[in-house]
Amino acid sequence: MPKVSMEELEKTALEMIRNSGSTGILQSDLWRRLGLDSREGSRLVLRLAKKGLIRREQVVVNGRRTYRLRYTRPPSLELKLKVDIEDVLDIPCFTCPFLGQCGPGNFNDPRTCPILQAWLERKARELLGDDGKA
Ligand code: SF4
């Protein structure tokens, strides 16, 4: 049997856990499907949990304690998924007459620009679902 890299194994395991949806998957079922023993399986699961990609929930099955694994989307990824091209089309810099002279340390500086700052604050409120329209 060809040796599978740890990254491939993690990817496959994560895919299985994600596909198990809100029900999740028992860790022993995951190990069995991946052909891992409990030592290898535990290490794999702990690595995924440490990365914040899965959640482990202690359960009792047939009188034995085990863990149910569920996929957790990382917060940074969640935010990234909410941003698409439509969200940045109205950035003020695209139509700003000072764009050519704007830069760090210049009179027009994106780090201190009140127009850009106001736009960023409005976008952040929209992305976080707090656009003041409620
Ligand atoms: S940061 Fe401000 S001044 Fe610079 S291009 Fe954008 S809107 Fe214009």
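Predicted model: local features only at pLDDT ≥ 70, side-chain atom pairs only at ≥ 80, totals over all residues.
Helix axes are lines fitted to C-alpha atoms over the stretch in contact, and the angles between them run from 0 to 180 degrees between N-to-C directions. Two packed helices are described by the angle between their axes and the distance between the axes.

On the side of α1, the contact involves Met6, Leu9, Glu10, Ala13, Leu14 and Ile17, which meet Leu44, Arg47 and Leu48 of α3. Of the residues in this contact, 7 are nonpolar and 2 are charged, while none is polar.

Helix α1 also packs with helix α2 (residues 27–34), in this case at an angle of about 130° and with the axes 11 Å apart. This angle makes α1 oblique to α2. The crossing of the two helices is right-handed. Leu9, Thr12, Ala13, Met16 and Ile17 of α1 form the contact together with Leu30, Arg33 and Leu34 of α2. By class, the contact of α1 with α2 comprises 6 nonpolar residues, 1 polar residue and 1 charged residue.

The strands of the model include an open sheet of 3 strands, arranged in the order β1-β3-β2 with antiparallel pairing. Strands β1 (25–26) and β2 (54–61) stand at the edges, and each has a single partner strand, so one side of each is left without a neighbour in the sheet. Helix α1 packs on this sheet and touches β1, β2 and β3, its direction making about 90° with that of β3.

Strand β3 (residues 64–71) pairs with β1 in the antiparallel sense over 2 bridges. Within this pairing, Leu26 has Arg68 of β3 as its bridge partner. The antiparallel pairing of β2 with β3 extends over 8 bridges. Here Glu57 stands opposite Arg68 in β3, and Val59 stands opposite Thr66 in β3. Arg68 is accordingly placed opposite Glu57 as well as being the bridge partner of Leu26. The hairpin of β2 and β3 has 2 residues between the strands, and Asn62 takes a positive phi near 50° in this hairpin.

A ligand is also present in the model. The residues around the ligand are Cys93, Cys96, Leu99, Cys102, Pro110, Cys113 and Leu116. This shell contains 7 nonpolar residues, with no polar and no charged residues.

Notes:
Residues numbered from 1 in each chain as written. Heavy atoms only, no water. Contact = heavy atoms within 4.5 Å. Helix = DSSP H or I, 4+ residues; strand = E, 2+ residues; numbered from the N terminus. Nonpolar A, V, L, I, M, F, W, Y, C, P; charged D, E, K, R; others polar. Near = heavy atom within 4 Å. Parallel < 35°, antiparallel > 145°, perpendicular 65-115°, else oblique. Left-handed = near helix turned anticlockwise from the far one by under 90°. Pairing = 2+ DSSP bridges.
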